[in-house]
Amino acid sequence: METTGMDARIAPLDRAHQHATSWLESLSTRDVPATASADEVAAALGDLPARPGDATETVDLLAKACEPGLVAMPSGRFFGFVIGGTHPAALAADWLVSAWDQNDGIRFATPAAAAVEEVAGRWLLDLLGLPADAAVGFPTSATTANFTCLAAARDTVLRRAGHDVGRDGLTGAPRVRVLMGEEGHESVVYALRYLGLGEPERVAVDEQGRIDPAALVAALASVRGAPAIVVLQAGNVHSGAFDPFGPAIAAAHEAGAWVHVDGAFGLFAAASPTLRHLTEGYAAADSWTTDAHKTLNVPYDCGIAIVRDAEALGAVTGKHGDYLVNKQVGDPCDKVPELSRRARGIPVWAVLRSLGREGVADLVDGFARHARTFADGVREIPGAEVLNDVVYSQVCVSFGGDERTGEITRRVLADGTTWMSGSRWHGRAVLRISVSDWATDVDDVRRSLDALCRCAA
Ligand SMILES: *Cc1c(COP(=O)(O)O)cnc(C)c1O
């Protein structure tokens, strides 16, 4: 086997293409859960060889060892967490990103990668109805997007209070009050921890997890003048509910607070004429987080951080260094915490280009339609109760007591036809059905509902 020259480059790719094709072809029929454990896969990968080997053979070993340990997350029957699948245009573009191998930090050094990201960013702002001059960065996830936006928020509210975090650090800074609904996502808590801001103060929510504007007003009464950030949510992971943005943002701005919206999967409701009302008023916020690896069905990892005041973002994430030749303000690396980066905006551009405005709207409308089909089907199961209003893509189910709900969740996993996650909401065990895969069709929903009915019988 030739180990140098062009064939040596192409042969492993051809083989990877064959393995990828087999994987994608298996998705419509294979069981969703893995059949091998992580320990079994690790054993099959073998030991570190002493000498170099053939790259194609390595690809074969990898595919063979991993196959039984793969979960069919990109299948139309995976409804766990909010994972999304892989749109064909995004997957193909992602392969090109790997082949091109651009260190996408600086416009001058990697013009193509920077250009595609800029176009993707503009299209996103247009689709989401957000200010056209906002900065758009592509970090690894909604967690890092929350971190990115909240870093800009922290520095801005402290700068207004006369404290320069970039120069003086947090030591000696006034306390930043951070207010968030009781059902805000844990990833915000992580981001605040990384930022040295501690735990957020929790504000009361209604039965669907939406922040209570009256409780927010009451909490803000003691904030007046002090540096403060209010974190709102577009898409509660249990109920799918959206915070009442109009009154909440008005109250927060009245108190001088920065408003951040965590919309990891919910932000894209704004791209649908039929669901847009859920995000009403949200464009008045100061920053927004969403994910491309959820709703947009871009392969992992890709988050999206949007900040209204591009300068505020650049002030905290901006990079400099003598070796960064021809570095300009607003380079891709100025919009995310990291300097060297995979050009994550490229698959985002590809999926937007491939779907178009109407395709994105149809995608999120389809998620909501499938969620309602699930809710209607679940209500036919004796003893089952749908706990949420099903306004978007989430269905949260209790089958009576915690024990029965837990048992049915385990049976669904063992059955293998579909994957739905167990969780706890409002002190009860629940089964969560999250619809977020472009590939899910009515047949996937029917088969998955049949499996759930079987397991609940
Ligand atoms: C999934 C999710 C996150 C975290 O997203 P990652 O991309 O996994 O970091 C944050 N907020 C909400 C509301 C989510 O659903």
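1. The model is predicted: local features need pLDDT of at least 70 and side-chain atom pairs count only at pLDDT 80 or more, while totals for chains, interfaces and linings use all residues. Residues are numbered from 1 along each chain as its sequence is written, and side-chain values use heavy atoms, with hydrogens and water left out.

2. Buried means under 20% relative accessible area, exposed over 50%, and partly exposed in between (1.4 Å probe, protein chains only). Strands (E, at least two residues) and helices (H or I, at least four) are DSSP runs, numbered from the N terminus.

3. β12 pairs in the antiparallel sense with β10 (residues 394-398) over 4 bridges and with β11 (residues 419-425) over 5 bridges. Two strands pair if DSSP finds at least two bridges between them. Ser434 is the bridge partner of Gln394, and Leu431 that of Gly422. The β11-β12 hairpin has 2 residues between its strands, and His426 in the turn has a positive phi of about 55°.

4. The whole structure has 7 aromatic pairs. Rings of Phe, Tyr and Trp (its six-membered ring) pair if their centres lie within 6.5 Å; planes under 30 degrees apart count as stacked, over 60 as edge-to-face and the rest as tilted. Phe78 and Trp419 form a tilted pair, 5.3 Å centre to centre with 35° between the planes. Phe78 lies in strand β1 and Trp419 in β11, so this pair ties together parts 341 residues apart in sequence. Both Phe78 and Trp419 are buried.

5. Phe265 and Tyr392 are stacked, at 6.0 Å centre to centre and 20° between the planes. Ring pairs link Phe242, Phe265 and Tyr392 into a cluster.
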